[in-house]
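Welcome! Open your viewer, get your selection tool ready, and let's walk through this model one stop at a time.

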Amino acid sequence: MTKLKTPITQRDHVQGAEDAPLTLLEYGDFECPHCGRAHPIVKALQERFGEQLRFVYRHFPLAQIHPHAQSAAETSEFAGAHKRFWEMHDLLFENQDQLGLPLYQELAETLGLPAEQLIDALETGKFTPKVQSDFSSGVRSRVNGTPTFFINGVRYDGPVDVISMAEALAFELENAA
């Protein structure tokens, strides 16, 4: 049983209450097709479990095989600095087949963010340390691919589908009570 080595902090991107009985943490890559397929599954789980579920997203860009993964992660961090992380997160996954600077600029404008500042942030690597920090925390937790999920701090190695993950979350909820 592999456990999460880096605790959830204020630096993480979190949806849901801190005291929710369930925490689902994903190490993901915006260019990974498996992560793209997992995105609506996570949304369905959030809907199904409501206030009982807290969702945390951490970056794990597999840059050797996904050339836009790092820049997409940094783009989401730029949006996060403007309190728009989750909107950008969703838009990046929904437009996964178009990742690159033209899309990032378009999405920034769609969200009312300054596209010139985004370009500058990408060129200077302003958000590289945050993405690298997430990646390093994943390495410490023995993440070796994406998506990798943890339920209440324990790695979930089952199938990534709504039924299997809902069963694992429900089991954890029963045992946590």
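**Stop one: helix 1**

Select residues 33–49 to see helix 1, whose 17 residues reach 25 Å from first C-alpha to last, close to the 24 Å expected at 1.5 Å a residue. That expected span is 1.5 Å times one less than the number of residues; helices (H or I, at least four residues) and strands (E, at least two) are DSSP runs, numbered from the N terminus. Bear in mind that this is a predicted model: local features need pLDDT of at least 70 and side-chain atom pairs count only at pLDDT 80 or more, while totals for chains, interfaces and linings use all residues. Residues are numbered from 1 along each chain as its sequence is written, and side-chain values use heavy atoms, with hydrogens and water left out.

Now pick His 39, where helix 1 has a kink of about 25°, shortly before the proline Pro 40. The bend is the angle between axes fitted to the seven residues ending there and the seven starting there. Just past the helix, Gly 50 takes a positive phi of about 50°.

Which parts of the model cover the buried residues of helix 1? Among them are strand 2, helix 3 and helix 7 (162–176). The buried residues (under 20% relative accessible area, exposed being over 50% and partly exposed in between, with a 1.4 Å probe and protein chains only) include Ala 38, Ile 41 and Leu 45.

**Stop two: two cysteines**

A disulfide is a pair of cysteine sulfur atoms within 2.5 Å, and the whole structure has 0 of them. Cys 32 counts as buried because its relative accessibility is 2%; for Cys 35 the value is 0%, so it is buried too.

Next, show the strands: 5 of them form an open sheet in the order 1-3-2-4-5, with mixed pairing. At the edges, strand 1 (13–15) and strand 5 (154–156) each pair on one side only. Two strands pair if DSSP finds at least two bridges between them. Strand 1 runs antiparallel to strand 3 (residues 53–59), joined by 3 bridges; His 13 has Tyr 57 as its bridge partner in strand 3.

**Last stop: Ala 20**

Finally, click Ala 20, in the loop between strand 1 and strand 2 (22–28). Ala 20 counts as buried because its relative accessibility is 11%.

Notes
Contact = heavy atoms within 4.5 Å.
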